[in-house]
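Trainee: Could you walk me through the pockets and the helix packing here?

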Amino acid sequence: MKVAYIGLGIMGRPCVENLLKAGHEVWVWARRRESAEPLLAQGAHWADSPQALAANVEVLVTNVSDTADVEAVLLGEHGVVHGARPGLVCVDMSTISPIGAREIAARLAASGIDFLDCPVSGGEVGAINGTLTIMVGGKAGALATALPVLQAMGKTITHIGDSGAGQVAKACNQIAVGVGVAAVAEVMKLAKACGVDPAPVREALLGGFASSRVLDVHGQRMIDDNYAPGFKARLHQKDMGIVLDTAASLGIKLPEAERVAGLIDQLVANGEGELDSSAIARLIWQDND
């Protein structure tokens with residue numbers, strides 16, 4: 001298929017590489033052309049603006065930082081909406097507000113453009129390996145069109161529901177991961193306080209009902225005290241802000257999410273926003289130091 005991609009960062013670049021490997025014809029745009037050069041060397045094509053990018057393709061993917069960035073590249077002065085033909089499917093793999101996703105979908109629909117909110121889980125490793133978990137909100141027909149593109153980037157693709165539903169699922173994911181990290185940090189804290197090596201405790205738990213990817217991956221990070229990012233704390237902070245803002249708009253309380261969000265806020269305030277968010281373990285362990 002003819003595909004466009006906007007957002008060539010830690011997740012976007014390997015996604016484009018996988019699209020090229022799958023045989024898709026890919027156009028790219030970035031604020032800085034130099035960030036696209038390695039992909040152009042692999043056969044991607046350059047466009048001078050999101051508007052120009054949209055004219056060439058059937059499916060256009062965005063993977064940028066936040067709701068405002070998605071709005072800017074899709075709906076801004078030189079945005080996709082001004083260059084797209086009716087029938088274009090826009091796939092947004094960013095993590096943004098569910099409410100924002102619904103508003104963007106409605107504005108694009110007025111120009112005959114379909115919008116799928118497709119946030120992902122799996123981090124940089126999943127992007128490199130093409131094994132991302134992709135949570136989809138939007139029309140089933142638009143998903144059918146975009147499916148070959150998503151299959152080049154992800155392993156598990158689930159249609160959650162209408163516009164915004166993918167972002168709701170991602171918000172739920174970020175709660176589960178954050179609270180899971182805090183729980184694993186407390187496991188390690190208790191083991192150490194009892195004079196027990198946490199490494200074999202982790203191994204034992206991985207064989208039982210407490211097993212999880214969080215215990216596996218982040219538990220090892222904690223044992224190694226190595227928080228090189230899979231998922232940066234500053235990005236998890238943004239996502240937890242979406243979680244809490246959504247909860248507030250619905251008038252519900254999420255006490256564990258609030259606690260974890262506070263720890264991530266503290267980590268970022270300490271100047272450690274570039275570390276993996278599992279570094280909140282250091283904060284949880286502090287009164288043992």
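This is a predicted model: local features need pLDDT of at least 70, side-chain atom pairs count only at pLDDT 80 or more; totals for chains, interfaces and linings use all residues.

Trainee: How many of the residues in the lining of the largest pocket are polar?

Mentor: A pocket is an open set of points on a 1 Å grid over the protein atoms alone, where a 1.4 Å probe fits, with protein on both sides within 12 Å along at least five of seven lines; lining residues have an atom within 4 Å of a point. The lining has 16 nonpolar and 12 charged residues, and the polar ones number 20.

Trainee: Which element gives the most to the lining of the second largest pocket?

Mentor: That pocket is lined by 14 residues, with Thr246, Ala247 and Leu250 among those nearest its centre. Helix H5 (98-109), H8 and H11 each give two or more residues; helices are DSSP runs (H or I, at least four residues), numbered from the N terminus. With five residues, the top contributor is H11.

Trainee: How are H9 and H10 oriented, roughly parallel or roughly antiparallel?

Mentor: Helix H9 (residues 198-206) and helix H10 (residues 213-224) pack at about 175°, with axes 10 Å apart. Axes are lines fitted to C-alpha atoms over the stretch in contact (heavy atoms within 4.5 Å), and angles run from 0 to 180 degrees between N-to-C directions. Under 35 degrees counts as roughly parallel and over 145 as roughly antiparallel, so H9 and H10 are roughly antiparallel.

Methods:
Residues are numbered from 1 along each chain as its sequence is written. Side-chain values use heavy atoms; hydrogens and water are left out. Angles under 35 degrees count as roughly parallel, over 145 as roughly antiparallel, 65 to 115 as roughly perpendicular and the rest as oblique. Ala, Val, Leu, Ile, Met, Phe, Trp, Tyr, Cys and Pro count as nonpolar, Asp, Glu, Lys and Arg as charged, and the others, Gly among them, as polar.
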